[in-house]
Amino acid sequence: MVPGDLPTIYAYQLDPEANRMAVTNPRTREGFDAHWARSLSDPGVIARAITADGELVGHIACFVMDGRDSVGYWIDRAHWGRGIASAALGRFLGIVTKRPLHARAARSNAGSVRVLTKCGFVLTGYEWAEATERFPACEEAVFVLESGAAS
Ligand SMILES: CC(C)(COP(=O)(O)OP(=O)(O)OC[C@H]1O[C@@H](n2cnc3c(N)ncnc32)[C@H](O)[C@@H]1OP(=O)(O)O)[C@@H](O)C(=O)NCCC(=O)NCCS
């Protein structure tokens, strides 16, 4: 990801339906800019733009959350259901080779749960997560990808 990708990614993360699915609150312009300024200059963050037919359709990133290497991704709603997230995560797991890798999705986010499972992540349980500025309270599905797992 490069700074030129950010206006498009900002617009994608405002989508109410995507936020309902992911159980997230969209970032404000200020919060978004601060988040990505930090992330793009942090050598511990690996972020990639996802393109389809030459168009920027989303992003995927590996970052440290609660001391664990974690992955997250977001696809523009206009491109859902085309196998893009599954393909992007599969390829990303060839770029980011550290294991274990962790991921969390709202339990209700059937699409994301399916993407993770297809790529070899194993469900380790469910945890209740209290509301934060970024996330409404929800039950989260907790996943891990161990070394040697298929991706
Ligand atoms: C979740 C998300 C990444 C899925 O992206 P996508 O490119 O549409 O996913 P894919 O096309 O690769 O679909 C993967 C699988 O999930 C299934 N799926 C996708 N959306 C689904 C939904 N809403 N309900 C049930 N299953 C769904 C697909 O049928 C497919 O399963 P299959 O291969 O068995 O047919 C996308 O909807 C998104 O960005 N949502 C908003 C942000 C978000 O939730 N990010 C993840 C936060 S943890």
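This report describes the fold, the ligand shell, the nonpolar core and selected backbone features of a predicted model.

## Overall fold

The secondary structure of the protein consists of five helices and six strands. In sequence order, these elements follow the pattern α-α-α-β-β-β-α-β-α-β-β. The C-alpha trace spans about 35 × 35 × 30 Å along its principal axes.

The radius of gyration of the protein is 15 Å, which agrees with the value near 15 Å for a compact globule of 151 residues. Of the 151 residues, 24% count as buried. Taking contacts between residues at least 6 apart in sequence, 55% join residues at least 24 apart.

## Ligand shell

The ligand is surrounded by 22 residues, and the closest are A22, A85, S86, G111 and R114. By type, the residues of the shell divide into twelve nonpolar, seven polar and three charged.

Four elements each supply at least two residues of the shell: α2 (16-22), β3 (68-75), α4 (84-95) and α5 (110-118). The most comes from α5, with six residues.

## Nonpolar core

The largest nonpolar core has 26 residues, of which I60, Y73, A88, L89 and L116 touch the most other members. Two or more residues of this core come from each of β2 (55-65), β3, α4, β4 (101-106), α5 and β6 (138-145). The helix α4 gives the most to this core, with five residues.

Apart from its neighbours within four places in sequence, Y73 is in contact with G58, H59, I60, A85, A88 and L89. Among these contacts of Y73, A85 is also one of the closest residues to the ligand.

## Helix α5

The buried residues of α5 are S112, V115 and L116. Seen down the axis of α5, these buried residues fall within an arc of 95 degrees, so they line one face of the helix. They pack against α4, β4 and β6.

Just after α5, G120 takes a positive phi of about 100 degrees.

## Backbone exceptions

Most residues other than glycine have a negative phi, and most peptide bonds are trans. V23 has a positive phi of about 55 degrees although it is not a glycine. V23 is placed in the loop between α2 and α3 (29-40). V23 counts as buried because 20 other C-beta atoms lie within 10 Å, and the cut-off for buried is 20 or more.

D53 is another residue other than glycine with a positive phi, in this case near 50 degrees. The loop between β1 (46-52) and β2 holds D53. With 6 other C-beta atoms within 10 Å, D53 is exposed. The peptide bond from R99 to P100 is cis, with omega near 0 degrees. P100 lies in the loop between α4 and β4.

L123 is found in strand β5. L123 counts as partly exposed because it has 14 C-beta neighbours inside 10 Å. Leaving aside its neighbours within four places in sequence, L123 is in contact with A141 and F143. The C-alpha atoms of L123 and F143 are separated by 4.5 Å, with the two residues 20 apart along the chain.

A137 is found in the loop between β5 (122-129) and β6. With 11 other C-beta atoms within 10 Å, A137 is exposed. Its contacts, leaving aside neighbours within four places in sequence, are A129, E130 and A131. The C-alpha atoms of A137 and V23 are separated by 8.1 Å, with the residues 114 apart along the chain. Of this pair, A137 is exposed, whereas V23 is buried.

Note on methods:
Residues numbered from 1 in each chain as written. Predicted model: local features only at pLDDT ≥ 70, side-chain atom pairs only at ≥ 80, totals over all residues. Near = placed C-beta within 6 Å. Nonpolar A, V, L, I, M, F, W, Y, C, P; charged D, E, K, R; others polar. Rg over C-alpha atoms; globule rule 2.2 N^0.38 Å. Buried ≥ 20, exposed ≤ 12 C-beta atoms within 10 Å, placed from the backbone. Contact = placed C-beta atoms within 7 Å. Core = buried A, V, L, I, M, F, W, Y, C linked by C-beta atoms within 7 Å. Arc of directions from axis to C-beta.
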